[in-house]
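Visitor: I would like to learn how to read a model like this one, feature by feature. Could you walk me through it?

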Amino acid sequence: MATKCGKCGPGYPSPLEAMKGPREELVYLPCIYRNTGTEAPDYLATVDVNPKSPQYSQVIEPKEIHAKCDLGYLHTSHCLASGEVMISAVGDPKGNSKGGFVLLDGETFEVKGTWERPGGAAPMGYDFWYQPRHNVMISTEWAAPNVFRDGFNPADVEAGLYGQRLHVWDWQRHERVQTLTLQDGLIPLEIRFLHNPAADQGFVGCALGSNIQRFYKNQGGTWSVEKVIQVPPKKVKGWILPEMPSLITDILLSLDDRFLYFSNWLHGDLRQYDISDPKRPRLAGQIFLGGSIVKGGPVQVLEDQELKCQPEPLVVKGKRVAGGPQMIQLSLDGTRLYVTTSLYSAWDKQFYPDLIREGSVMLQIDVDTVRGGLKLNPNFLVDFGKEPLGPALAHELRYPGGDCTSDIWL
């Protein structure tokens, strides 16, 4: 963990030690009103997740977000050992395709410049993860903001406007040294190295490809990638295409590197895979949390390689959940998985219009870490449709002091 950035956190010496830490009590979520029809600023919600608290599963402190930056479409942030904060950019300020990295001062958060050398930005940007022990950083691609910001157009896929590559960077020289083109790997979004700081492999979720690919270091020092999980599409009627991809939008790894989790935003299921053998992940748990193929909806499934019937709609504490599982966060000990249902407001509006009218939700899933398995906690629901200024769209989940998707050990 970083020195300056980690001062406010517990600073666990290893991922396994972090698993012994105390139970989470607060979760931070950025929330937006864009495209919902509410004229209000974006804000940061603090949610109480302590079951002993009288405010359990409630927003206890919304704060407006006033931070401004003249940089293009920022996404992932990580602390560095230098005390700086590094943030990936999806595009330039005008929405054109450009994948670079911004450096901030870890104490003042003032912009210091770019991490990559001048002229060395990648064609597209999105997520990244670094591993200093192997002198490497690997970044992913989405598309130019001008392509995706108003919704998804299948013609843009045919035109080659969506990403399908990983970029390998020399961590010390700040230079791109290799580009890996993914087989069937359209829109590689979230990327995760194994948490073990000596590990030389990890996983990336390919959204439109609906698969998980493993990247790994070769003996000669170069990097390769292979597909290890494929979620088959469903033949459907009443949707924009005759086949519906699962759309894998978020992935994470448990701190002991035993389980991989990912969300299928369109199909509506959340999955747990045992990755004791990273080359051969084994499905250990699955749960449906809404999605586009629920019974009684506009989509009829004509052919399904996995399910015998369409899943039932999800109702929690009397509320029918709109959207599908999207961003996920795991407790340090690996026994609780938190989920939100909004992807990106323009895509929410296109695929799940009920989300715009009703707002997103936050759910909690109980995890069996012995045999594997996922079970909904029926007593936990944060309904962002009931925010004081109107329905809001909650996105990424973070704990104070670090979590499974932000901490990188050196």
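**Reading the model, feature by feature**

Guide: Gladly. Keep in mind that this is a predicted model.

Visitor: Let us turn to strands. How many residues of strand β27 are buried?

Guide: Six of the seven residues of β27 (residues 361-367) are buried, so the strand is largely enclosed by the rest of the structure. As a general point, in a regular strand the side chains alternate between the two faces of the sheet.

Visitor: Which strands does β27 pair with?

Guide: Strand β26 (residues 336-340) runs antiparallel to β27, and five bridges join them. In that pairing, Thr 340 stands opposite Met 362. Strand β28 (residues 374-383) also pairs with β27 in the antiparallel sense, over six bridges.

Visitor: Now a side chain. What does the side chain of Gln 310 reach?

Guide: A polar atom of the Gln 310 side chain lies 2.7 Å from the backbone oxygen of Ile 293. A polar atom of that side chain also lies 3.2 Å from the backbone oxygen of Val 299. Gln 310 is placed in the loop between β22 (300-303) and β23 (315-316), and it counts as buried because its relative accessibility is 18%, under the 20% cut-off. Leaving aside residues up to four places away in sequence, Gln 310 touches several others, including Lys 295, Gln 300 and Val 301. Gln 310 and His 267 are 43 residues apart in sequence, with their C-alpha atoms 9.9 Å apart in space.

Visitor: And in a helix, where does Asp 348 lie, and is it buried or exposed?

Guide: Asp 348 lies in helix α4 and is buried, with a relative accessible area of 0%. The Asp 348 side chain reaches the backbone nitrogen of Leu 343 at 3.0 Å. Beyond residues up to four places away in sequence, Asp 348 touches Trp 265, Pro 353 and Leu 393, among others.

Visitor: Finally, how do I read a pocket?

Guide: Rolling a probe the size of a water molecule over the atoms shows where empty space is left. In this model, the second largest pocket holds about 450 Å³ of space.

Visitor: Which residues lie nearest the centre of the second largest pocket?

Guide: They are Gly 291, Pro 298, Phe 351, Tyr 352 and Asp 354, out of 22 lining residues. Helices α4 (345-351) and α5 (353-358) each supply at least two residues of the lining, and α5 gives the largest share, three residues. By type, the lining divides into 12 nonpolar, seven polar and three charged residues.

Key. Residues are numbered from 1 along each chain as its sequence is written. This is a predicted model: local features need pLDDT of at least 70, side-chain atom pairs count only at pLDDT 80 or more; totals for chains, interfaces and linings use all residues. Side-chain values use heavy atoms; hydrogens and water are left out. On a 1 Å grid over the protein atoms alone, a cavity is a set of points where a 1.4 Å probe fits but cannot get out, and a pocket is an open set with protein on both sides within 12 Å along at least five of seven lines; lining residues have an atom within 4 Å of a point. Grid points are joined across faces, edges and corners, and a volume is the space filled by probe spheres set on the points. Helices (H or I, at least four residues) and strands (E, at least two) are DSSP runs, numbered from the N terminus. Ala, Val, Leu, Ile, Met, Phe, Trp, Tyr, Cys and Pro count as nonpolar, Asp, Glu, Lys and Arg as charged, and the others, Gly among them, as polar. Buried means under 20% relative accessible area, exposed over 50%, partly exposed in between (1.4 Å probe, protein chains only). Contact means heavy atoms within 4.5 Å. A polar contact is a pair of N or O atoms within 3.5 Å; within protein, one must be able to donate a hydrogen and the other to accept it, and residues adjacent in sequence count only if both atoms are side-chain atoms. Two strands pair if DSSP finds at least two bridges between them.
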